[in-house]
Amino acid sequence: MATRRPLITLTSDFGSADHFVGAMKGVILSICPGAQIVDITHELRPYEIAEAAFTFGEAWRWFPKGTIHVAIVDPGVGSARRPIVAEAAGHLFVAPDNGILTSALAQPKAKAREVTKKSYFLRTVSTTFHGRDVFAPLAAHLAAGVRPAIMGDLVADALRLRIDKPGQTSKRQWTGTILKIDRFGNVITNFKLSEFPWIATNRFVLTVGFEQVSVLAGHYAECEYGELYAIAGSSGYIEIVLRESSAARKLGVAAGAPVDLMGWAREDR
Amino acid sequence: MATRRPLITLTSDFGSADHFVGAMKGVILSICPGAQIVDITHELRPYEIAEAAFTFGEAWRWFPKGTIHVAIVDPGVGSARRPIVAEAAGHLFVAPDNGILTSALAQPKAKAREVTKKSYFLRTVSTTFHGRDVFAPLAAHLAAGVRPAIMGDLVADALRLRIDKPGQTSKRQWTGTILKIDRFGNVITNFKLSEFPWIATNRFVLTVGFEQVSVLAGHYAECEYGELYAIAGSSGYIEIVLRESSAARKLGVAAGAPVDLMGWAREDR
Amino acid sequence: MATRRPLITLTSDFGSADHFVGAMKGVILSICPGAQIVDITHELRPYEIAEAAFTFGEAWRWFPKGTIHVAIVDPGVGSARRPIVAEAAGHLFVAPDNGILTSALAQPKAKAREVTKKSYFLRTVSTTFHGRDVFAPLAAHLAAGVRPAIMGDLVADALRLRIDKPGQTSKRQWTGTILKIDRFGNVITNFKLSEFPWIATNRFVLTVGFEQVSVLAGHYAECEYGELYAIAGSSGYIEIVLRESSAARKLGVAAGAPVDLMGWAREDR
């Protein structure tokens with residue numbers, strides 16, 4: 001059986017129109033010619049770390065163990081923020097220490113190291129493009145077999161964001177937030193159906209902007225055109241959807257906006 | 001000689017900014033680590049199946065025999081619409097049964113099966129993301145060597161769209177439609193030069209919006225700036241073009257709009 | 001040790017929403033199934049050859065020697081402009097002869113050939129899509145081991161653009177230009193810090209649009225929000241930046257606009 005080629009995924013806010021992603025791929029393949037590079041996305045919104053943490057978190061977990069993931073949204077590039085190599089759930093992660101790895105660091109037994117061994121960077125490191133000069137080379141060296149432990153010491157304080165838990169404001173009320181607007185204009189909230197399972201059987205009202213949503217649909221084709229519905233999205237979060245159209249545009253909301261949930265048992269009215 | 005790696009192409013309206021495509025790639029590589037994944041496009045317009053069928057049709061036929069193609073525009077996800085595996089022209093296809101495979105099903109001896117063997121899906125299937133939970137795993141199992149016949153029975157009624165034939169409205173007049181506006185603003189009509197070969201030698205008038213086009217140019221550099229021309233596009237269809245600019249913007253038209261063709265022999269005036 | 005798979009990069013203005021890129025990949029893999037295809041970008045601005053030459057130049061040089069690069073922005077497709085295969089710095093290049101290869105042809109001992117051997121094109125060559133019919137097959141044949149010398153004779157006059165040198169207008173003044181606006185709205189000028197090293201230590205004023213910039217920041221996090229700074233970009237060029245925002249939007253400028261530099265020694269005031 002042939003040796004499996006090491007797999008590296010790339011996630012960033014570098015966009016697709018510039019040389020940034022191409023330069024990173026070139027650096028990786030120069031250091032580890034056998035690497036297989038897979039793009040997750042380069043269209044993360046610039047500087048939006050919380051949204052990036054969500055998107056990256058919903059993608060990396062589907063890859064096989066042993067995959068090396070590079071995740072970069074990096075407004076602090078060139079400053080003192082640390083480059084991190086993490087190990088979690090059998091995957092490896094390379095990223096700036098700014099919260100983008102929150103979903104990985106939440107795994108049991110996750111470990112993070114501050115990379116201090118500069119011999120695994122490019123020889124010359126610019127102050128503005130660590131994707132090419134720091135993170136791509138680190139991933140390529142990991143792919144080539146370098147052990148994380150050689151790159152730097154464990155740190156306990158790698159940054160984790162606290163974004164994915166709604167807060168309870170009264171017995172029957174919670175305040176959450178919009179994690180992301182997806183391609184289709186679906187509004188992904190941070191209410192997990194698994195944590196609010198009564199949404200499926202009891203009465204609820206989700207308030208977003210000036211609109212209220214109180215019906216949970218099973219799938220898109222069940223929804224009336226033009227009406228807002230809640231739906232249990234593929235990430236496990238409740239989404240607000242508008243059939244074959246953009247709920248976000250109708251609601252006039254963006255990632256980060258608040259979402260209020262009120263709920264009560266049917267017999268409780 | 002090394003065994004060739006199985007080749008899987010991906011075509012969808014999932015966009016490039018979300019986790020959708022990354023999750024699909026992860027699922028594929030988890031099931032079939034040796035697969036080679038090639039993106040065709042993920043920027044198909046949401047829900048526009050006819051346009052998607054055209055774009056996908058112009059791409060898949062250039063790949064080598066044996067390629068497995070996943071094509072997804074799927075407004076009916078979660079409803080009763082069937083998942084299909086098709087075989088045509090030596091290629092394999094995985095898609096929802098909604099017409100997106102029209103170009104493949106038009107091939108001689110094309111076969112389509114409704115996939116009913118749920119063991120080739122992910123264990124848990126969401127109601128909103130069959131790209132990840134149904135179609136990616138099917139493609140990966142095909143790549144790993146599972147035969148289509150094992151996945152489900154042949155069906156004769158897989159959906160085919162009837163979009164690519166202009167209708168004749170009088171002796172010298174036909175009504176067609178715009179298949180797609182491409183990146184450059186070229187207006188791709190559904191008039192095939194091979195079916196209307198006299199366009200190259202006789203008089204014709206194409207009417208689109210409020211404009212008429214009556215000159216067929218050989219290539220872009222032959223066109224005067226600012227003037228609309230017909231050109232025999234690389235897909236075999238007549239396109240309306242505006243040199244180094246957008247004919248679609250000048251015409252104010254979109255995919256699906258009507259195009260009228262009038263033609264007569266030169267000596268016939 | 002396994003034979004390394006031949007590596008082909010793709011750079012174009014074909015966009016990501018059409019069948020163009022997919023068709024090219026299919027053609028390449030039909031001719032050379034073992035090729036590894038890496039996208040640099042397909043979002044170059046249509047017809048903008050100078051900008052494309054810059055972007056491509058900043059990407060290809062990071063790939064390993066032996067890589068085959070296809071670069072296409074081709075407003076002259078179908079006309080008499082020549083298809084070129086070039087060899088430079090141990091890399092191979094396939095492109096229309098319109099200046100997009102300027103950075104490669106500037107390398108010591110660079111060689112360019114006009115491809116005249118039409119057996120390395122597709123059998124039928126359209127007048128509008130040489131990416132699929134000419135350049136993809138050439139790259140695939142190179143990947144399959146065909147030597148450039150067999151494809152055509154050396155030419156000395158392959159087109160080179162003269163865009164990257166500012167002109168001196170007086171003892172202390174130079175006029176340059178904007179090479180590109182990047183994803184983040186950073187304004188990349190054609191002033192190289194290595195050619196104007198005194199910018200780092202002496203007084204200078206960069207004038208772009210109605211604004212003047214006279215402070216060189218070390219990295220983004222050093223910059224005050226809302227203020228314009230010069231920064232030594234990762235390509236070696238001076239960029240005008242606005243922290244976590246778009247300098248280009250604030251300045252109202254686009255690629256090709258003029259940039260004036262005035263400089264004098266500190267003691268010289």
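Of the contacts (heavy atoms within 4.5 Å) that join residues of chain A at least 6 apart in sequence, 67% link residues at least 24 apart. This is a predicted model, in which local features need pLDDT of at least 70 and side-chain atom pairs count only at pLDDT 80 or more, while totals for chains, interfaces and linings use all residues.

Chain A has 269 residues, and 59% of them are buried, a term for those under 20% relative accessible area with a 1.4 Å probe, counting protein chains only. The chain holds six helices and 16 strands, which are DSSP runs (helices H or I of at least four residues, strands E of at least two) numbered from the N terminus. Residues are numbered from 1 along each chain as its sequence is written.

The contact involves 33 residues of chain A and 34 residues of chain B.

## Two helices in chain B

In chain B, helix α1 (residues 20-31) packs against helix α4 (residues 130-143) at an angle of about 35°, with the axes 8 Å apart, where axes are lines fitted to C-alpha atoms over the stretch in contact and angles run from 0 to 180 degrees between N-to-C directions. Residues making this contact include B:Val27 of α1(B) and B:Ala136 of α4(B).

Conventions:
Chains are lettered from A and ligands numbered from 1 in the order in which they are written. Side-chain values use heavy atoms; hydrogens and water are left out. Buried means under 20% relative accessible area, exposed over 50%, partly exposed in between (1.4 Å probe, protein chains only).
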